[in-house]
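Good morning, and thank you for coming. Please look at the structure as I speak.

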Amino acid sequence: MEISKELCAYFAGFFDGEGCVSSSHYSISNRMDKYKRVKIAICVSNTDIRPLELLQLNFGGDIVKSSNKFNTRMQLYRWSLYSRDKILYFLKNIYYYSVVKKKEIELAIEFMKTIEDKNLGHIHMDKSIHDKREEIHSKLRLLKRERNEPSNAQIQKLMAPAPSTTQSK
């Protein structure tokens, strides 16, 4: 199904504001593989389920009720993608229009390209693929940290005395 440019732009803006590229470690119980694995998921959360249903209609994935860590009285919903093909399809459709999370999208696409049919599941993974995924995981974490931590200039601006609002007579 072809998705319109306008809808892709909408999804990109919605993802920039409400979504995330999530990378995390997991382990498998396989004697052949001594490495922890990295996985990537795409998630978008919102208190309004309608845009999430639109995402699901166009890209698949799952919608679940989620805990609301901000303690508001509104129910929070989360749309998620875990499948390589669905993640690639989604990210490639929104990439051009993304502003805030373009670098995260690039890294997630790079990660997804390391997943081939031959290295799905619990089989031995080549060390070079493992190392590449770990590198991408580290870069994603650093990007999130940089975006969430204020710069020195922002801190100085916050610490500066407020300008005087009184006028001399």
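Let us begin with one aromatic cluster, formed by Tyr 10, Phe 11, Phe 14, Phe 15, Phe 59, Trp 79, Tyr 89 and Phe 90. Please bear in mind that this is a predicted model, in which local features need pLDDT of at least 70 and side-chain atom pairs count only at pLDDT 80 or more, while totals for chains, interfaces and linings use all residues. Residues are numbered from 1 along each chain as its sequence is written, and side-chain values use heavy atoms, with hydrogens and water left out.

How many aromatic pairs does the structure hold? There are 8. Rings of Phe, Tyr and Trp (its six-membered ring) pair if their centres lie within 6.5 Å; planes under 30 degrees apart count as stacked, over 60 as edge-to-face and the rest as tilted. The ring centres of Phe 11 and Phe 59 are 5.4 Å apart and the planes meet at 70°, so this pair is edge-to-face. It links distant parts of the chain, since Phe 11 belongs to helix α1 (residues 5-18) and Phe 59 to helix α2 (residues 49-59), 48 residues apart. Helices (H or I, at least four residues) and strands (E, at least two) are DSSP runs, numbered from the N terminus.

Are these two residues buried or exposed? Both Phe 11 and Phe 59 are buried. Buried means under 20% relative accessible area, exposed over 50%, and partly exposed in between (1.4 Å probe, protein chains only).

Leu 54 also lies in helix α2. At 29% relative accessibility, Leu 54 counts as partly exposed. Leaving aside residues up to four places away in sequence, Leu 54 touches Leu 7, Tyr 10 and Phe 11, where contact means heavy atoms within 4.5 Å.

I turn now to the largest nonpolar core. Such a core is a set of buried Ala, Val, Leu, Ile, Met, Phe, Trp, Tyr and Cys residues joined through side-chain atoms within 4.5 Å. Of its 31 residues, Phe 15, Ile 42, Leu 55, Trp 79, Phe 90, Leu 91 and Ile 94 touch the most other members. Helix α4 gives the most to this core, with 6 residues.

Finally, consider charges over rings. The charged end of Lys 101 sits over the ring of Phe 15, 5.5 Å from its centre. The criterion is that NZ of Lys or CZ of Arg is within 6 Å of the ring centre and within 35 degrees of the ring normal. Arg 133 likewise lies over the face of Phe 111, at 5.3 Å from the ring centre.
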